[in-house]
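Please read it alongside the sequence and the structure.

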Amino acid sequence: MKFEELLDRYKNGIASEEEKRIVEEELEKYEAIEEYLSNMIDFELDLSETLEKEKFKDESIKIKKNVNSRLRKVVFTSVSIMIALIIGIFFIISPLIDMLYYNPKKVTVGEVEHDINFDLKAITELNYPGYTLSSLVDVDRRGFGQYDISYFRTNLFTEETSYINSKIKRNNNISNHTSWTNDRSFNFRTIQIPEWFDEEDSINQKNRVMNHVNQLSPVSYTSSWLTFENDLNMEELHQLELKYPDINFVWVGIRIASPGERVVNLLGFATRSTKLTRDIPNYEKYPAFDYLEWLVNPTDFDHEASRIEPRGYELHFRDLLKYAVDRKDAINVLEHRNRHEYYEKALNYIEEHGVKTYGVFAYAEAKDLIGLVENEAILTLELNQVMASKRYID
């Protein structure tokens with residue numbers, strides 16, 4: 001009998017005991033097989049899911065690596081671009097911009113020192129009686145045509161030293177409250193505004209000042225402005241220096257316009273100046289720019305014609321003016337005004353009329369000042385400062 005017929009008899013309840021046993025054994029066998037197959041299917045499913053997860057994990061790692069690599073490239077490229085921009089701005093563009101404006105850090109005038117040292121020396125000596133630079137100029141480059149400059153200046157009479165600092169920003173000199181303060185507006189008034197004074201005014205003015213000086217102690221130390229009745233050439237000035245060895249003719253005012261013509265900005269030179277460096281401007285172009293240097297190694301000098309000092313004075317003032325004319329951009333920036341034409345006009349005047357002085361700025365004890373005014377052809381006397389005594393008495 002077939003198992004299918006036995007199974008029908010088993011389901012209908014008509015199977016014998018032997019037939020029931022056979023069917024139940026077969027059913028148990030099939031249940032065991034079914035359980036085994038079920039377990040096998042579950043295992044395969046679990047294995048498939050695990051493999052799928054591993055596959056996704058590998059893909060995820062690959063994607064992450066790819067993304068990180070691209071991010072690194074983007075970041076590296078961005079940083080490289082920024083560094084290139086910074087280098088380009090500060091080391092390429094900034095120097096190019098600096099070339100368009102006055103650069104005080106350049107070394108084109110001398111061999112070692114920054115050009116501004118010679119620029120300020122010329123400006124100071126020509127325009128500021130009784131002052132001298134007492135340090136080299138410190139220049140701090142800020143980029144894009146900007147510089148911080150600082151230096152010391154000294155009042156030769158009081159020996160007071162001031163610290164000066166300012167900013168140069170693309171040809172604009174931005175000074176602070178430590179910039180030049182002086183009394184240029186109150187000296188040599190008969191030269192600056194001659195139409196305000198006649199001969200009687202000059203005599204009365206000199207007498208008023210002399211009355212005051214006569215009341216001072218004989219050893220009172222004075223600084224004063226003196227003008228001569230007639231202009232002196234440099235030989236005559238030197239003879240006056242030799243005649244009065246105790247009087248220090250600190251600064252010599254030079255005639256740069258016809259007598260009677262108003263001269264708002266006076267020019268002159270210092271008879272002695274502080275030497276801060278062995279470096280000098282182009283010696284072939286400006287041999288007497290440094291007066292002391294020229295005295296050591298004089299050029300353009302006829303030993304038979306005159307003494308060396310007067311010739312040195314002439315050449316020194318001429319070279320200061322020539323330097324100022326040649327340094328047009330520097331002078332205009334540092335002086336806050338267009339001065340090139342003024343210096344050029346002054347140079348042309350002395351080339352035609354020679355180097356002559358209308359007066360001097362002098363330091364003297366009261367007794368020596370009185371002797372000078374009483375015995376020489378002094379037109380005006382203007383008292384500047386007085387100290388109880390000269391310092392450092394020998």
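E200 is found in helix α5, where helices (H or I, at least four residues) and strands (E, at least two) are DSSP runs numbered from the N terminus. The model is predicted: local features need pLDDT of at least 70, side-chain atom pairs count only at pLDDT 80 or more, and totals for chains, interfaces and linings use all residues. Residues are numbered from 1 along each chain as its sequence is written, and side-chain values use heavy atoms, with hydrogens and water left out.

**Negative patch**
- E200 counts as exposed because its relative accessibility is 56%; exposed means over 50% relative accessible area, buried under 20% and partly exposed in between (1.4 Å probe, protein chains only).
- On the surface, D198, E199, E200, D201 and E229 gather in a patch of negative charge; patch residues have over 30% relative accessible area and no salt bridge, with like charges joined within 9 Å.
- A salt bridge is a side-chain nitrogen of Lys or Arg within 4 Å of a carboxyl oxygen of Asp or Glu.
- Helix α5 (residues 199-214) supplies the largest share of this negative patch, three residues.

- D119 lies in helix α3 (residues 115-127) and is buried, because its relative accessible area is 0%.
- Leaving aside residues up to four places away in sequence, D119 touches Y102, Y323, R327, A330, I331 and L334; contact means heavy atoms within 4.5 Å.

**Overall fold**
- The protein has eleven helices and ten strands.
- Of its 394 residues, 40% count as buried.
- Among contacts between residues at least 6 apart in sequence, 68% join residues at least 24 apart.

Note on methods:
Patches are made of residues with over 30% relative accessible area and no salt bridge: like charges are joined within 9 Å, nonpolar side chains (Val, Leu, Ile, Met, Phe, Trp, Tyr) within 5 Å. Accessible areas come from the Shrake-Rupley method with a 1.4 Å probe; for residues, only the protein chains shown count as cover. Lys and Arg count as positive and Asp and Glu as negative; His and the chain ends are not counted. The place of a charge is taken as NZ of Lys, CZ of Arg, CG of Asp or CD of Glu.
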